[in-house]
Amino acid sequence: MGAHEIFRQLLTWTPYLLGGFAMNILISVVAMLVGTGIGWALAALSLSTHRWRGRIGLVLTKFSRSMPTIVLQFYLAFMLPGEILLPFSKTIVNFPVWIKASLALAIAVAGFASDNLTIAMEEWKKGNHHAAFIFIPSWTTYALIIVMASSTASIIGVSELLSRCNTVINATGDTQLMLPIYLYACLFFFCFCYPLTMLMKKISKTLAKRLVPQSQR
Amino acid sequence: MKRYPVFRFLLSILLFCTAGQISLCHAQASGAASSNVHVAHSDRLALIRERGAIIVGVKTDYAPYGMLNSAGMPVGFEHDLAEDIAKRLGVKLRKVSVTGSNRLQKLQDGTVDLVLATTGDTAERRKIATMIEPGYYASGVTLFMRPDTPIKNWTDTRGKPVCATQGSYFNRAMQQRYLMDLQMYNNDRDAKLAVRDGRCVGYLFDDTAINNDLANPEWKGYKALLPATLNNPWAIAISMKERGTEFEQLLGDIVADWHRSGFLEEREKSWGIPPSKFLSQTDALWQKTDDDGQPYCRRLSDGHWRAECRNQVFLTSADVGGLAQFGLWLNETTGIDLTPVYDSFDRAQFLHGLIVTFYLTFLCIVCSLMFGWIGAVCGESGHFLLAPVARCVATLGRMTPPLLSIYLIFFGLGSVLNKAFGISLPAFAVAVGCLSAYAGSGIMNALLVAAATHRLQHPDFHLRFTNIWQLARLASGSITASLINVSKATMMASVIAVPELLSATTTIIAERGNVGVMMNVLLLIFLGIVFAVVGMLRYLEQKMLTRVA
């Protein structure tokens with residue numbers, strides 16, 4: 001099979017693969033939003049002056065930080081039902097497996113967010129508003145880690161980019177396509193992450209510039 | 001500041017509500033099921049009618065029984081059967097793709113109503129699912145081998161690496177009988193590629209699937225010489241809770257009708273499958289009538305088919321070892337089915353998994369550190385080629401998901417290397433390499449950033465192997481974070497048949513169905529490992545920092 005044929009194959013499957021990548025992004029976005037929400041709650045709990053609440057917040061943060069995401073994905077995939085019959089009604093709520101993957105990632109995000117928000121909130125309380133803003137660049141860096149981790153959802157059967165690559169290899173029955181298609185998938189991730197990283201660097205720099213004079217004032 | 005308590009309060013209420021609701025559903029579901037055990041009514045069937053669709057777990061990797069056609073649509077022999085069931089029930093058909101390792105879990109967690117996915121009817125599986133009698137097809141197990149294989153009979157496989165897929169009923173029996181070194185892959189494709197690349201002497205699988213593969217030009221010259229053994233009927237599986245309900249009866253009647261009407265043989269023919277001996281014999285049996293014109297195979301007063309028409313072949317392999325009594329006692333008194341405690345086979349598998357995980361974690365940490373350190377020194381070297389290459393690797397490495405790079409190296413590069421030079425890459429090394437490259441590029445990046453920051457005050461600083469301690473304070477935080485992350489990711493190695501803990505656990509679950517217990521044990525053990533790693537790394541970090549200071 002020539003290079004031309006390989007490019008033609010890749011082009012044919014591009015929309016299908018892009019759909020898979022959209023799933024990666026969706027999983028990551030949901031995980032970041034839910035995780036940051038929970039993390040905020042945990043941070044607020046950790047900062048509580050009430051002795052027990054503070055302790056509970058810290059312990060929960062520690063646990064969610066140490067939970068290996070892949071194991072948690074398996075755990076949720078196996079242990080949560082696929083659909084839930086709401087009590088007192090006949091409505092069936094679907095609980096698709098990608099949400100389970102998102103939730104597993106969200107736990108890790110919660111641990112991270114709680115840790116960093118605790119610091120940010122303390123700084124904010126002290127009046128160091130600029131120091132609190134350091135949360136934003138580290139949050140984005142973590143978002144990239146989550147995008148990378150979203151591909152592990154393929155192990156529990158979410159139809160994201162990596163599992164779609166495998167589906168294509170299966171469907172075409174063409175093992176020569178393997179190396180090109182995995183490299184192509186790497187390109188997807190790179191094209192998404194690289195510009196985002198560059199943008200973050202820029203924002204961090206402007207933030208730093210704007211914040212330094214403010215702190216000297 | 002005033003908003004925080006309110007927010008906290010609202011959030012805790014929300015959390016409690018959701019948790020409460022989920023547990024409520026569970027309670028309701030299980031309560032309903034246990035209240036009508038005796039006969040007739042089926043909750044599942046009611047649910048299917050309620051939603052107007054039946055959800056069937058089917059295979060898409062087992063041509064021609066279940067596969068994707070050229071348009072990417074799932075089709076196959078079993079898909080035709082699923083369609084017929086939906087038609088008879090008067091509901092729509094919704095298909096969910098399942099694999100050998102997850103089909104029974106999907107049944108247990110309620111994702112699918114029934115599984116029609118080349119499931120062999122075994123005594124073990126009857127403990128975790130309801131298998132519909134009669135079976136609709138049958139298969140035995142054989143070995144898919146390379147054209148140049150030296151293996152002549154089953155005993156030649158003793159001690160040799162043999163590829164297999166998780167969740168096949170014959171894995172355990174064959175491993176015990178012939179002492180094979182089984183390497184567990186997640187799916188059929190990966191296992192066959194491993195055979196092609198010479199990682200194992202053959203792929204242990206159903207003869208029905210292997211015969212079909214042999215007809216495929218892609219596998220020209222490949223062989224399956226060994227006689228099929230452990231022949232076993234395939235059955236439709238439904239949930240454990242549905243035993244003895246109208247759902248089970250209904251499905252049993254449908255399969256009986258398939259045998260009587262010749263529907264199965266007709267479908268078999270239309271998919272170009274060579275005629276199965278099982279099918280012709282079973283069809284003949286079910287078409288037989290008594291002298292009074294009644295069908296010979298009919299239900300007796302207890303609801304079961306007459307004994308002559310039931311599945312005869314059952315496999316049992318419950319060998320019991322040392323701690324057996326405690327494990328069985330625990331199981332009987334509390335319902336906690338900790339098979340690794342009382343079953344020596346599961347225990348050996350589990351402990352081996354634990355050791356491999358420890359080893360993997362340790363090596364990943366060491367290799368990531370080396371990778372990051374050497375890479376950062378190269379990046380700082382100022383060499384016209386080395387420096388930009390190292391910096392490029394640091395950027396690329398962080399932007400490639402480690403799981404993807406494992407697939408890329410192991411299958412993508414592995415198949416090219418094997419074709420060109422006959423080399424096969426060892427799975428363990430690939431896993432360590434890919435994970436270390438990911439974590440290592442994070443470390444490299446941290447060191448490079450730290451070096452740049454350090455240069456603000458010491459303009460002529462350049463990172464060398466010897467002066468890394470000057471960056472310790474600036475970089476140690478993110479280095480530790482990277483190392484903790486890699487120790488949390490080692491279970492990715494399971495996708496390329498590295499027999500680590502996650503892989504061992506899912507294999508045990510696929511065979512035993514003790515999902516809850518095993519998942520909880522797994523989670524606790526991994527939490528323990530991560531806590532230990534975090535503690536150790538933080539201790540070393542502190543020690544190093546005080547020494548530097």
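Helices H1(A) and H6(A) are oblique to each other. This is a predicted model, in which local features need pLDDT of at least 70 and side-chain atom pairs count only at pLDDT 80 or more, while totals for chains, interfaces and linings use all residues. Residues are numbered from 1 along each chain as its sequence is written, and chains are lettered from A and ligands numbered from 1 in the order in which they are written.

Reader: Why are H1(A) and H6(A) called oblique?

Author: Helix H1 (residues 3-46) and helix H6 (residues 135-149) of chain A pack at about 135°. Angles under 35 degrees count as roughly parallel, over 145 as roughly antiparallel, 65 to 115 as roughly perpendicular and the rest as oblique. The two helices are therefore oblique.

Reader: What makes the contact between H1(A) and H6(A)?

Author: H1(A) brings Asn24(A), Ser28(A), Ala31(A) and Met32(A), and H6(A) brings Ala143(A), Ile146(A) and Val147(A). Residues are in contact if their C-beta atoms, placed from the backbone, lie within 7 Å. Five of these residues are nonpolar, two polar and none charged. Here Ala, Val, Leu, Ile, Met, Phe, Trp, Tyr, Cys and Pro count as nonpolar, Asp, Glu, Lys and Arg as charged, and the others, Gly among them, as polar.

Reader: How many residues does each chain give to the contact of chain B with chain A?

Author: Chain B gives 52 and chain A gives 42. On the side of chain B, H20(B) gives the most, with 10 residues. That side divides into 34 nonpolar, 10 polar and eight charged residues.

Definitions and conventions: Axes fitted to C-alpha atoms, helices over the stretch in contact; angles between N-to-C directions. Helix = DSSP H or I, 4+ residues; strand = E, 2+ residues; numbered from the N terminus. Contact = placed C-beta atoms within 7 Å.
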